[in-house]
Amino acid sequence: MKTQRFAIGLVVLNLFILTCTLFRAQSAAKPEVAPVLRCRELYLVDDAGRVRAELKVTPAQPKLKMPDGTTGFPESVLFRLISSTGSPPV
């Protein structure tokens, strides 16, 4: 009789541990997503390791002479797509 009680208690304990493990695995499957990506440059690289696209912030150039005679160029954003040959397609 004692062996039967021990076996039933062991089965109940194993079922409890199994259900706890399953509930814990389901709650861990929902990773938090970062709402914002902050960076100065972002590169997209293909399988061969070549840069295929870039997005970067270029700094201001206060002493740059423009074609119309004015000086200065503000901070800007550069987006460039690069072809498989390594040159911009446009």
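**Entry 1: Glu54**

I began with Glu54, which, leaving aside its neighbours within four places in sequence, is in contact with Leu42, Tyr43, Leu78, Phe79 and Arg80; contact means heavy atoms within 4.5 Å. I noted that Glu54 has its place in strand β2. Helices (H or I, at least four residues) and strands (E, at least two) are DSSP runs, numbered from the N terminus. Is Glu54 buried or exposed? I found Glu54 buried, at a relative accessible area of 5%. Buried means under 20% relative accessible area, exposed over 50%, and partly exposed in between, with a 1.4 Å probe and protein chains only.

**Entry 2: Basis of the model**

I recorded that this is a predicted model, in which local features need pLDDT of at least 70 and side-chain atom pairs count only at pLDDT 80 or more, while totals for chains, interfaces and linings use all residues. Residues are numbered from 1 along each chain as its sequence is written, and side-chain values use heavy atoms, with hydrogens and water left out.

I then looked up the confidence, pLDDT being the predictor's confidence in each residue, from 0 to 100. The chain has a mean pLDDT of 84, and 91% of its residues reach 70 or more. Confidence is lowest in α1, at a mean of 84, and highest in β1, at 91.

**Entry 3: The sheet**

I traced an open sheet of three strands in the order β1-β2-β5, with antiparallel pairing. Two strands pair if DSSP finds at least two bridges between them. Why is one side of β1 and of β5 left without a neighbour in the sheet? β1 and β5 (76-81) stand at the edges and each has a single partner strand, so one side of each lacks a neighbour there. On average, neighbouring strands of this sheet are turned by 5 degrees against each other, direction ignored. For such angles, axes are lines fitted to C-alpha atoms, for helices over the stretch in contact, and angles run from 0 to 180 degrees between N-to-C directions.

I followed the pairing of β1 with β2 (residues 51-58), which is antiparallel over five bridges. Val45 has Val51 in β2 as its bridge partner. β1 and β2 form a hairpin with five residues between them, and Gly49 in the turn has a positive phi of about 90 degrees.

**Entry 4: Two loop residues**

I located Glu75 in the loop between β4 (71-73) and β5. Leaving aside neighbours within four places in sequence, Glu75 is in contact with Arg40, Val57, Thr58, Pro59 and Ala60. The C-alpha atoms of Glu75 and Pro62, 13 residues apart along the chain, are separated by 9.5 Å.

I found Val36 in the loop between α1 (2-28) and β1 (41-45). Val36 counts as partly exposed, at 49% relative accessibility. The C-alpha atoms of Val36 and Lys65 are separated by 36 Å, with the two residues 29 apart along the chain.

**Entry 5: The chain as a whole**

I listed the elements from the N terminus on as α-β-β-β-β-β. The radius of gyration is 30 Å, well over the 12 Å that the globule rule gives for 90 residues, so the chain is more spread out than a compact globule. This radius is taken over C-alpha atoms, and the globule rule is 2.2 Å times the number of residues to the power 0.38. The C-alpha trace spans about 100 × 30 × 15 Å along its principal axes. Of the 90 residues, 6% count as buried.
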